[in-house]
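Subject: Structure for your files

Hello,

Here is the structure I said I would pass on. My notes on pockets, helix packing and salt bridges follow below.

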Amino acid sequence: SPTRQATLGKMGVRIQVRNAQGQQISFVNALGRYLGKILSGLTLLIGFMMAGWDSKKQALHDKLASTYVFYK
């Protein structure tokens with residue numbers, strides 16, 4: 001059976017993190033996104049809030065890793 005490729009939380013709310021073409025992200029992208037979350041937090045959480053006003057709904061860590069969140 002194929003792996004889920006998501007955390008339990010993401011599976012619970014039925015979202016997936018993908019690249020611009022809708023494909024599974026690489027380990028390097030996932031690592032970059034994870035490390036980018038630290039930067040998003042260090043900016044007084046503004047990095048996370050960016051998703052609210054960005055036209056592509058990307059937070060800072062998504063922009064850094066070139067990833068998008070898709071709803072299943």
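**Pockets**

The second largest pocket has a lining of 13 residues, and Ile15, Lys57, Asp62, Val69 and Tyr71 are the ones nearest its centre. Two or more lining residues come from each of α2, α4 (60-65) and β2 (68-71), with β2 giving the most, 3 residues. By class, the lining of this pocket has 6 nonpolar, 1 polar and 6 charged residues. The space in the second largest pocket is about 250 Å³.

Please keep in mind that this is a predicted model, in which local features need pLDDT of at least 70 and side-chain atom pairs count only at pLDDT 80 or more, while totals for chains, interfaces and linings use all residues. Residues are numbered from 1 along each chain as its sequence is written, and side-chain values use heavy atoms, with hydrogens and water left out.

The largest pocket holds about 320 Å³ of space. Its lining is made of 14 residues, with Gln5, Ala6, Val17, Ile25 and Ala30 nearest the centre. β1 (15-18) and α2 (27-42) each supply at least two of the lining residues, and α2 has the largest share, 4 residues. The lining of the largest pocket divides into 5 nonpolar, 4 polar and 5 charged residues.

On terms: a pocket is an open set of points on a 1 Å grid over the protein atoms alone, where a 1.4 Å probe fits and protein lies on both sides within 12 Å along at least five of seven lines; lining residues have an atom within 4 Å of a point. Helices (H or I, at least four residues) and strands (E, at least two) are DSSP runs numbered from the N terminus.

**Helix packing**

α2 packs on helix α3 (residues 46-53) at an angle of about 90 degrees, and the axes are 6 Å apart. The two helices are therefore roughly perpendicular (65 to 115 degrees). In this contact (heavy atoms within 4.5 Å), Lys37, Ser40 and Gly41 of α2 meet Ile46, Gly47 and Phe48 of α3. These residues divide into 2 nonpolar, 3 polar and 1 charged.

**Salt bridges**

There are 2 salt bridges in the structure, each being a side-chain nitrogen of Lys or Arg within 4 Å of a carboxyl oxygen of Asp or Glu. One of them pairs Asp62 with Arg33, with the closest N and O atoms 2.6 Å apart. Asp62 is in helix α4 and Arg33 in helix α2, 29 residues apart, and the pair links distant parts of the chain. Asp62 is also among the residues nearest the centre of the second largest pocket.

Regards

Definitions and conventions: Grid points are joined across faces, edges and corners, and a volume is the space filled by probe spheres set on the points. Ala, Val, Leu, Ile, Met, Phe, Trp, Tyr, Cys and Pro count as nonpolar, Asp, Glu, Lys and Arg as charged, and the others, Gly among them, as polar. Axes are lines fitted to C-alpha atoms, for helices over the stretch in contact, and angles run from 0 to 180 degrees between N-to-C directions. Angles under 35 degrees count as roughly parallel, over 145 as roughly antiparallel, 65 to 115 as roughly perpendicular and the rest as oblique.
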